[in-house]
Structure formats: structure tokens, C-alpha cells
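Dear colleague,

Please find below the structure that I am handing over to you.

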Amino acid sequence: MTKAVVKLETGTIPTKDTQLKLSGIVSIPPIAIGAWQWGDKQVWNWTPEAEKDAKEAFNKAFELGIPFYDTAEVYGNGESEREIGCFRKEYSQEDQHRMVITTKYFPYENRTQFPDVLLSALKDSLSRLGMFKADLYQIHAAIHPVEIEVVADALADAYDAGLVKTVGVSNYSKEEVERMHKALQKRNVPLASNQICFSLIRTLPEKSGLIKACHDLGVAILAYSPLGMGILTGKFGSKGPWPEGRKETFGSLDTEQLGHLLDVLKRMSERYERSQSAIALNWCIVKGTIPLGGARTAQHVEQNLLALGFRLSDEEVAELDKFAFVGETNRWQHG
């Protein structure tokens, strides 16, 4: 098996042609498209009219050479997966093979009969996506009602059955990743990734040693909400008003510190003649993660792509780190 490549070498400038390798099996670009917005009504106010924009975003990512899409069965109660399934249908088989589609299993409390519940959910996801095999199948959070080793066996069963190319986790702590990695190793199945909330408003995974520990195990870090659910784009300023679904998250941030952070992002944006989003995403890449930039429109995809083609210097990273927030863990986010 080829060795996993989970982060860029020090000093490497990321481009769309830069290839990382999940578990040494699935080649991916250094940035991905997060598809949480495609179908979610609670936070992102999805409407059927938004499908046109989502389709254009999906197509733009393929056109620009970053066809790496992350979804989950729980996003819009399966709607995000259904949308991606519809968008994929318009491509040839050859082009579909160039796409990397990842999805997730949601560990509801009533899902106790492993491996059956996981295999059934996976087959439902594959049906919605129009795929025979997932490129990466992840456990959405370590809140499952059974031990990690039981979930690991279910993932290994899915792997052995040829339903997935690679397997991963999400929101797992350092200790939980180590347990999952060890349990999968007993079945000769590599752990490909840990998808965690990581951005300039939540740097805890770096400070806790989680990112380094994952890298040491050959586990890639997929960084979700790398733009802090939009706060790092500069669109809302440091004092709001905030969108209704994001008031709790944004309102918990110290406005003075946030103001300084946004000022630094703005200066670097002007220096590099790129969006603040591009700066924030490049920071994630330099930290050794693969950012999942949400994209509701083709323009968002284009903005995310601007995170490639340059690399923040160590001094610039330190300047941003000075005003970055640590964040915290909770029942959902262990890592």
C-alpha cells in the first residue's frame, strides 16, 4: 500500500495540482468543498431555488480542478447527498471517477445494532449519491452509544465489503483517534482522516496536540468551518449584526480580539490582493490541514481557490496566531 500523504511539506506552495493521499489510496487536492449548505434549512436557510447556485458551485469546483466534495447523511436530512447525486449524473463515468465524494454516518442514540445500522446507513447514502463505493466514509462524532472498537469493526466490515475506499472519523479527540486507529489496525484497515472544527476562531486542535498526533499516525486533518462559519470573511465585521442561525457562535467571541484579527486578515488580503477568505484558508493549509470551504455559489468556489498559489510566511502566520481564538470542546466536538 502506498504511504499516506496527509499534509504539505514545509515551504511547499499549494496548487490545485498538489496531491495529498488519504490512506495512500485516494488522491485529493489540498482544499475541499463543504456541502453542508446544500440542503440545510436550520443554519443555512436552504430553499429549492438555491439548487441552481449549488449546481453551479459543484460544476465550478470540477472545472477549476478541485472536485473534492464533503457531505453527510444528516445535512438537510439527506438532501445534500441527493443534490450531489443529481449533479454527478450529468458527467461521464470518466469524469465521475475524477471526483472525490466523502460522506458521514450520524451516530444517533437509537443506532445500537452494529454493524447492521452502519452498513444500512452507508448503503442509503450511496444510493442518494448514485455511487457504488464511497471515497471516504466518516463517523460524524464520537457520541455513538457503543464503544469505539465496535464502530471500528463496522467500518472495517464496510471496507472489506468493498463499499468504501477509505474510512475516517470526525470530531474525535486525540485519545479517541488513537483508539480507533488501533482497533482498525487489528483489521488491517488504515484510518484515513479526522474531520474537526479548525480555524482562526478555534485553534484548540493545534494547541492540544491533536493535529500533530494525527499526522504522526498518518491521519489527515480535514478542517471544517475553516472560515468560522463566515465570520473570517469580513462580511459581518466584529460587532454584527449576525445571521440568526449563527448568533450564538459569533456572539461568544471577544469583539476587541475579533476586531484585531479581522484587521490583520484585511491587511494581508490587501498585501496579497486576495480575499480574506483566501488568507484564512491558506493559514489552515500552512497549519497542516485540508480546509473544507463551504460554497453556496460558484463565486464562493472561485474565492476558495484563491487560497492556492501562495503560502503565508512564518511571520505572517505568527501575526494571525497572535489574535486567534482557542475555542473549546463540547459534547459534539471532542477534538
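The notes below go from the whole chain to single residues.

Please bear in mind that this is a predicted model.

Overall form. The chain holds 13 helices and 10 strands. Its radius of gyration is 19 Å, close to the 20 Å that the globule rule gives for 335 residues, so the chain is as compact as a globular protein of that length. Along the principal axes, the C-alpha atoms fill a box of roughly 50 × 40 × 35 Å. Of the 335 residues, 56% count as buried. Among contacts with a separation of 6 or more, 77% come from residues 24 or more positions apart.

The barrel. Eight strands form a closed barrel with parallel pairing, in the order β3-β4-β5-β6-β7-β8-β9-β10. On average, neighbouring strands of this sheet are turned by 25° against each other, direction ignored. Strands of a sheet pair through backbone hydrogen bonds, either parallel or antiparallel. Strand β3 (residues 32-34) pairs with strand β10 (residues 290-294) in the parallel sense, over three bridges. Gly34 has Gly294 of β10 as its bridge partner.

The nonpolar core. In soluble globular proteins, nonpolar side chains tend to be buried together. The largest nonpolar core here has 112 residues, and those with the most contacts inside it are Trp38, Tyr69, Leu118, Met180 and Leu320. Beyond residues up to four places away in sequence, Trp38 touches a set of residues that includes Ile33, Trp46, Phe58, Tyr69, Phe87 and Arg296.

Asp135. This residue is found in the loop between α4 (116-129) and β6 (136-139). Its relative accessible area is 5%, under the 20% cut-off, and Asp135 therefore counts as buried. A polar atom of the Asp135 side chain lies 2.8 Å from the backbone nitrogen of Ile101. Leaving aside neighbours within four places in sequence, Asp135 is in contact with Val26, Met99, Val100, Ile101, Lys165 and Thr166.

Phe106. This residue is found in the loop between β5 (100-105) and α4. Phe106 is also buried, with a relative accessible area of 14%. Setting aside neighbours within four places in sequence, Phe106 is in contact with Glu73, Val74, Arg111, His140 and Trp332. The C-alpha atoms of Phe106 and Ile143 are separated by 9.1 Å, the two residues being 37 apart along the chain.

With kind regards

Notes
Residues numbered from 1 in each chain as written. Predicted model: local features only at pLDDT ≥ 70, side-chain atom pairs only at ≥ 80, totals over all residues. Heavy atoms only, no water. Helix = DSSP H or I, 4+ residues; strand = E, 2+ residues; numbered from the N terminus. Buried < 20%, exposed > 50% of the residue type's maximum accessible area, 1.4 Å probe, protein only. Polar contact = N/O pair within 3.5 Å; in protein donor to acceptor, adjacent residues only side chain to side chain. Contact = heavy atoms within 4.5 Å. Pairing = 2+ DSSP bridges. Axes fitted to C-alpha atoms, helices over the stretch in contact; angles between N-to-C directions. Core = buried A, V, L, I, M, F, W, Y, C linked by side-chain atoms within 4.5 Å. Rg over C-alpha atoms; globule rule 2.2 N^0.38 Å.
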